[in-house]
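Here is a short report on selected features of one chain. Please keep the sequence and the 3D view open while reading.

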Amino acid sequence: MKDLSDWLAHCERLHPKNIALGLDRVEQVAARLGLRFECPVVTVAGTNGKGSTCAMLEAIALQAGWRPGVYTSPHLVHFEERCRIGGEIVQAQALLPHFERVEAARAADDVALTYFEFTTLAILSLMAASGLDVAILEVGLGGRLDAVNVVDTDCAIITSIDLDHMEYLGPDRESIGREKAGILRAGKPAIVSDPIPPHSVVQYANALGADLWLLGRDFNFSGDKQQWAWAGRGRRYPGLAYPALRGANQLLNASGVLAALEALRPRLPVTAQAIRNGLAMVELPGRFQIVPGQPALVLDVAHNPHSVAALAANLDAMGFYPTTHGVFGAMADKDLAPMLAKMGPLVDRWYFTDLPTPRAAGAQALLEKWRALPGRRDVPASTHTSPEDALRAAVAAADPADRILVFGSFYTVGGVLTHGVPRLSAKHLG
């Protein structure tokens with residue numbers, strides 16, 4: 001196969017399902033690959049905050065002079081965004097030999113891997129060969145049966161836990177928490193940055209003999225308008241600047257990151273200055289990303305009730321805008337009504353969009369969901385065939401002092417970033 005797009009098309013054809021949880025197939029291929037890491041591995045699971053947590057860990061490691069590798073998913077625009085080595089997105093060319101390795105290992109036993117399993121193994125193979133000082137791995141879905149869990153972690157982080165992917169992970173926070181806790185390992189640090197974690201996580205960690213770090217017991221944070229402070233197990237960081245990532249939940253995520261770095265200190269020491277600089281410089285596209293311009297543009301991949309509630313709080317804190325235009329597209333299996341209800345008071349005009357995947361809810365279906373809500377405001381709403389078309393319509397209708405919000409699925413935000421970050425000036429797309 002010649003290029004990355006050929007390999008990705010091959011991966012899509014191999015297995016009849018997009019998602020097939022279970023580690024048997026992945027473990028079989030990983031064993032044949034001889035997949036192992038010589039550096040500390042940090043594995044991050046949770047419903048919301050995983051990407052931000054990984055980005056902060058990476059930024060601090062870079063500032064400390066370490067060479068981190070990061071695997072996250074999904075991507076916004078290009079597949080290569082899923083892996084960064086030494087702070088740089090990998091080149092497609094660098095991935096090709098690792099796709100070949102996985103294919104050879106898979107074909108030897110005729111193992112059918114899903115797209116996610118195959119691509120995860122290829123990226124892990126690349127990372128293991130890259131001379132890393134720390135490997136940072138974001139779980140795709142759940143934890144216990146996710147392909148990332150084929151690698152034993154040296155430090156697990158569990159971020160906030162909420163209801164999402166319930167058809168795979170269970171009907172409530174307790175069952176979902178138990179799935180996330182599957183990334184924990186005996187004797188290894190288990191950092192839980194959810195302030196009210198499900199009992200299942202604590203019970204499993206204790207039964208396993210993991211070194212459990214709980215927010216409020218083993219570490220905590222405090223803050224005022226100017227700065228914040230962290231304390232945990234014999235170390236304090238006073239007078240920290242707020243993380244460059246915006247949003248109400250970022251101190252929870254940052255606190256978990258500092259706990260993980262404290263737990264890993266013997267193998268991966270970082271200075272207070274590296275922590276300050278890393279938190280000040282961290283970037284993560286699509287997470288309450290505010291693009292200055294006229295009108296202002298806000299991009300956020302909030303796609304479940306918990307993250308949408310955080311988005312609503314963050315929008316509230318932005319100040320006054322005469323009109324907020326909302327571009328929204330999401331998967332059909334999401335809990336759409338609560339998300340629309342939460343955003344209803346904030347959005348003055350809706351632009352619902354189709355997305356280029358069979359899993360998505362159509363724009364018309366989203367419009368009907370919105371119209372079926374009890375007590376909703378009667379605001380204008382339209383349907384569009386793509387996120388770019390929806391954004392174009394919003395720009396055409398917006399005044400320079402307005403705000404345009406693009407949120408929902410990674411496909412929604414990625415769809416408006418295809419040609420780079422749009423810079424809006426009144427009445428046209430830059």
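## Strand pairing around β7

β7 and strand β8 (residues 211-214) run parallel and pair over four bridges. Across this pairing, Ala 190 faces Leu 212 in β8. The model is predicted. On another pairing, β7 meets strand β6 (residues 155-158), again in the parallel sense, over three bridges. Here Ile 157 stands opposite Ile 191 in β7.

Which way do the side chains of strand β7 (residues 189-192) point? Pro 189 and Ile 191 point one way, while Ala 190 and Val 192 point the other way. All four are buried.

## Aromatic pairs

How many aromatic pairs does a search of the whole structure find? The search finds 14. In one of them, the ring centres of Trp 7 and Phe 99 lie 5.9 Å apart. Their planes meet at 35 degrees, so the pair is tilted. Trp 7 belongs to helix α1 (residues 4-14) and Phe 99 to helix α4 (residues 92-108), so the contact ties together parts 92 residues apart in sequence. Both Trp 7 and Phe 99 are buried.

Phe 328 and Trp 350 make an edge-to-face pair. The distance is 6.3 Å centre to centre, with 70 degrees between the planes. Phe 328 sits in strand β14 (residues 324-329) and Trp 350 in strand β15 (residues 349-353). The pair links distant parts of the chain, 22 residues apart. Phe 328 and Trp 350 are buried.

## Cluster and charges over rings

Trp 7 and Phe 99 also belong to one aromatic cluster, together with Phe 79, Tyr 115 and Phe 118.

Two arginines lie over rings. The charged end of Arg 178 sits over the ring of Tyr 204, 4.0 Å from its centre. Arg 233 lies over the face of Trp 213, at 4.0 Å from the ring centre.

## Second largest pocket

The second largest pocket holds about 700 Å³ of space. Its lining has 31 residues. Nearest the centre of the pocket lie Arg 84, Ile 89, Glu 283, Leu 284 and Pro 285.

What is the makeup of the lining of the second largest pocket: how many residues are nonpolar, polar and charged? There are 14 nonpolar residues, nine polar and eight charged.

## Cis peptide bonds

A cis peptide bond joins Ser 73 and Pro 74, with omega about -5 degrees. Pro 74 lies in the loop between β2 (68-71) and β3 (83-85).

The bond from Gln 294 to Pro 295 is cis too, with omega near -5 degrees. Pro 295 is placed in the loop between β12 (289-291) and β13 (296-300).

## Positive phi outside glycine

Asp 110 has a phi near 50 degrees, a positive value in a residue other than glycine. Asp 110 lies in the loop between α4 and α5 (115-128). Is Asp 110 buried or exposed? Its relative accessibility is 65%, so Asp 110 counts as exposed. The cut-off for exposed is over 50%.

Phe 288 has a phi near 40 degrees, also positive and also in a residue other than glycine. The place of Phe 288 is the loop between α10 and β12. At 5% relative accessibility, Phe 288 counts as buried, because buried means under 20%.

Key:
Residues numbered from 1 in each chain as written. Predicted model: local features only at pLDDT ≥ 70, side-chain atom pairs only at ≥ 80, totals over all residues. Heavy atoms only, no water. 1 Å grid on protein atoms, 1.4 Å probe; cavity = no way out; pocket = protein on both sides within 12 Å on 5 of 7 lines; lining within 4 Å. Points joined across faces, edges and corners; volume = space filled by probe spheres on them. Nonpolar A, V, L, I, M, F, W, Y, C, P; charged D, E, K, R; others polar. Phe/Tyr/Trp six-rings, centres within 6.5 Å; stacked < 30°, edge-to-face > 60°. Helix = DSSP H or I, 4+ residues; strand = E, 2+ residues; numbered from the N terminus. Buried < 20%, exposed > 50% of the residue type's maximum accessible area, 1.4 Å probe, protein only. Lys NZ or Arg CZ within 6 Å of the ring centre and 35° of its normal. Pairing = 2+ DSSP bridges.
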